[in-house]
Amino acid sequence: MKVILRLFASYRELAGTGRIELDLPQGTDISGLLRTVRRDFSSFPDAPVHVAVNTEFVASGYELHEGDEIALLPPVSGG
Amino acid sequence: MIELTQEPIRIESVMDRVKQNTCGAVVTFTGTVRDNFQGKRVLYMEYDAYPEMATKKLAEITSEIQTRWGLADVAITHRVGRVEIGEVVVVIAVASAHRLEAFQACQYAIDRIKKVVPIWKKEFYEDGSSWIDDETKTA
């Protein structure tokens, strides 16, 4: 299934892009996605990542669907 | 009223969005760019945002405030992109019949923004730059 990965701040600089199209197996959850990301970008930090799907925060067991937009969010520093 | 902008923020414009004749109090919070961080001199900042989610979260904070304090109105404007030292990064304006609720709601708003809104700042120093996006710097 095709999903869109959005990256911001230091994650975006690490990956060299803020948007990646991924093709993942059906039934992949957030943990599985993060394993894929860490495999493809070895310098991705080990620290826990906040994840949003379609602009809502989700937990690591959340199962992804075709067309989902997943954002990997470092700890925020606005305001 | 929620806005992300690359333009300088006029505090009075944000206040004017909430000010109304039925209210006796407008409380505003203004966040500005400091010239120092952990002993280093900061030259300027850049703000990155996930705009679709940032505006959604800012709108949710506004709803939370109106539910909790029953206020008249809330407006939040946040800069994105490059911001110079001393410039305004965020303005929160809260209008209410009386001042207690307005003060409390305004504090709640900035505290929530700093926790849940997907906006990140990058500081530029004389000898490099750094995203403020890990727990060692944001805690």
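A:T28 lies in the loop of chain A between β2 (19–23) and α2 (30–40); helices (H or I, at least four residues) and strands (E, at least two) are DSSP runs, numbered from the N terminus. This is a predicted model, in which local features need pLDDT of at least 70 and side-chain atom pairs count only at pLDDT 80 or more, while totals for chains, interfaces and linings use all residues. Residues are numbered from 1 along each chain as its sequence is written, chains are lettered from A and ligands numbered from 1 in the order in which they are written, and side-chain values use heavy atoms, with hydrogens and water left out.

With a relative accessible area of 11%, A:T28 is buried (buried means under 20% relative accessible area, exposed over 50%, partly exposed in between; 1.4 Å probe, protein chains only). Its side chain reaches the backbone oxygen of A:P25 at 2.5 Å. Not counting residues up to four places away in sequence, A:T28 touches A:M1, A:L33, A:Y62, A:E63 and A:L64, where contact means heavy atoms within 4.5 Å.

## Strands around β4 of chain B

Strand β4 (residues 40–49) of chain B is joined to strand β3 (residues 36–37) by two bridges, and the two run antiparallel; strands count as paired if DSSP finds at least two bridges between them. B:N36 stands opposite B:R41 of β4(B). The two strands form a hairpin with two residues between them, and B:Q38 in the turn has a positive phi of about 45°.

β4(B) also pairs with strand β8 (residues 119–125) of chain B, in the antiparallel sense, over seven bridges. Four bridges join β4(B) to strand β6 (residues 81–84) of chain B, again antiparallel. B:Y47 has a bridge partner in each of these strands: B:K121 in β8(B) and B:G81 in β6(B).

B:A49 belongs to strand β4 of chain B and counts as buried at 13% relative accessibility. The C-alpha atoms of B:A49 and B:I119 are separated by 4.3 Å, although the residues are 70 apart along the chain. Leaving aside neighbours within four places in sequence, B:A49 is in contact with A:F8 of chain A and with B:V80, B:P118, B:I119 and B:W120.

## Helix α2 of chain B

Helix α2 (residues 51–69) of chain B has 19 residues and should span 27 Å at 1.5 Å a residue; its end C-alpha atoms are 27 Å apart, so the two values agree. The expected span is 1.5 Å times one less than the number of residues. The buried residues of the helix are B:M53, B:A54, B:K57, B:L58, B:I61, B:T62, B:I65 and B:W69. Just after the helix, B:G70 takes a positive phi of about 60°.

## Aromatic rings and charges

Rings of Phe, Tyr and Trp (its six-membered ring) pair if their centres lie within 6.5 Å; planes under 30 degrees apart count as stacked, over 60 as edge-to-face and the rest as tilted. The count comes to five aromatic pairs over all chains. B:W69 and B:Y108 form an edge-to-face pair, 5.5 Å centre to centre with 65° between the planes. The pair links helix α2 to helix α3 (residues 99–116) of chain B, across 39 residues. B:W69 is buried at 17%, and B:Y108 counts as buried at 18% relative accessibility. Elsewhere, ring pairs link A:F8, B:Y50 and B:W120 into a cluster.

Two charged ends sit over rings in chain B: that of B:K40 is 4.5 Å from the ring centre of B:Y125, and that of B:R82 is 3.5 Å from the ring centre of B:Y44. The rule requires NZ of Lys or CZ of Arg within 6 Å of the ring centre and within 35 degrees of the ring normal.

Technical notes
Polar contact = N/O pair within 3.5 Å; in protein donor to acceptor, adjacent residues only side chain to side chain.
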